[in-house]
Amino acid sequence: MWMNFGIKDLIDVLLVAFFLYQTYKLMKSSGTLGIFSGVVSFVVVWILMSQILEMRLMGAILDKFISVGFVVLIVLFQDEIRRFLLALGSHKGWKFLAKLFSTREDAGEKEGKYIAPVVLSCMNMARKKTGALIVVERDMDLALYEHTGEMFNADVNARLIENIFFKNSPLHDGAMIISDNKIRAAGCILPVAQNANIPKELGLRHRSGLGMSMETDAMVIIVSEERGRISVAHLGNLCVNVSAEELQQILSGEREVTNFC
């Protein structure tokens with residue numbers, strides 16, 4: 001058997017291992033790791049009963065469950081499948097090609113253009129205890145979430161951000177989405193995280209920001225209305241009580257977001 005094991009088989013094994021690892025990470029971040037473990041255990045029992053021990057009656061019963069297993073998996077993991085398809089159809093590759101055909105100085109200048117006004121506005125809103133929820137698009141397309149609010153096409157400006165989240169503004173309760181140094185939408189509805197490990201003192205804004213970071217690769221900035229603190233959520237992690245310098249480092253990619261850093 002080992003004589004026929006070649007480079008193609010090695011690549012095949014590595015791809016399967018990578019796929020299982022990514023699936024494990026996805027299930028762990030979404031809180032469905034227990035269900036995934038149960039499905040894997042069921043498949044192992046099915047193989048043991050029908051293929052190895054060759055128990056005909058038990059194997060036939062399990063075969064019936066396996067035959068409809070694909071539909072059951074779609075129902076159980078519909079959110080995870082949707083997230084995977086969103087990542088697969090994102091414009092990450094197009095951004096990479098755009099960076100190749102642009103100079104480093106131009107690319108760096110364009111990418112960091114929104115950081116200063118966002119940091120300034122967040123610090124002002126935190127001082128005034130004005131609640132805010134700002135989503136910064138990364139590689140995954142956020143058009144699906146943009147259409148849940150009011151569409152914009154405005155330059156990122158600190159005063160504009162503060163006016164949108166002003167308490168008497170009709171858009172202050174929703175989220176703002178920033179993409180390609182432009183404010184694309186405001187008043188948007190974000191998915192709410194259902195993770196039981198989230199501290200109870202964190203409100204709906206923090207849960208929405210964390211939920212968005214679990215569904216997409218976006219960077220989400222949350223300004224607390226009660227405490228006047230700034231938090232950042234990214235890839236299922238939430239960093240609370242962030243300073244202006246730390247926020248700038250996170251947005252520029254110099255610092256990673258870890259849980260309750």
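A nonpolar core is a set of buried Ala, Val, Leu, Ile, Met, Phe, Trp, Tyr and Cys residues joined through side-chain atoms within 4.5 Å; buried here denotes under 20% relative accessible area, exposed over 50%, and partly exposed in between, with a 1.4 Å probe and protein chains only. The structure is a predicted model, in which local features need pLDDT of at least 70 and side-chain atom pairs count only at pLDDT 80 or more, whereas totals for chains, interfaces and linings use all residues. Residues are numbered from 1 along each chain as its sequence is written, and side-chain values use heavy atoms, with hydrogens and water left out.

The largest nonpolar core comprises 30 residues, and V118, I134, I161, L247 and L251 have the most contacts inside it. At least two residues of this core come from each of α8 (115–128), β1 (132–136), α10 (158–164), β3 (175–179), β4 (182–188), β5 (219–223), β6 (230–234) and α12 (244–251). The helices (H or I, at least four residues) and strands (E, at least two) are DSSP runs, numbered from the N terminus. The greatest contribution to this core, six residues, is made by α8. With residues up to four places away in sequence not counted, V118 touches V156, I161, I178, I221 and L251, where contact means heavy atoms within 4.5 Å. A second, separate core has 20 residues, among them C188, M214, I222 and L238.

I222 is situated in strand β5 and counts as buried because its relative accessibility is 0%. Neighbours within four places in sequence aside, the contacts of I222 include R205, H206, G209, S231 and L238. I222 and G131 are separated by 91 residues in sequence, yet their C-alpha atoms are 7.6 Å apart in space. H206 belongs to helix α11 (residues 204–215) and, at 9% relative accessibility, is likewise buried. Apart from residues up to four places away in sequence, H206 touches I222, S224, S231 and L238.

In L235, found in the loop between β6 and β7 (237–239), phi is about 55°; L235 is exposed, with a relative accessible area of 52%.

An unreviewed UniProt entry places the feature "transmembrane region" at residues 31–49 and 55–77; UniProt positions are given in the numbering used here, feature names are shortened, and annotations may be inferred rather than shown by experiment. In the model, residues 55–77 are 87% helix and 0% strand, and the end C-alpha atoms of this span lie 30 Å apart.
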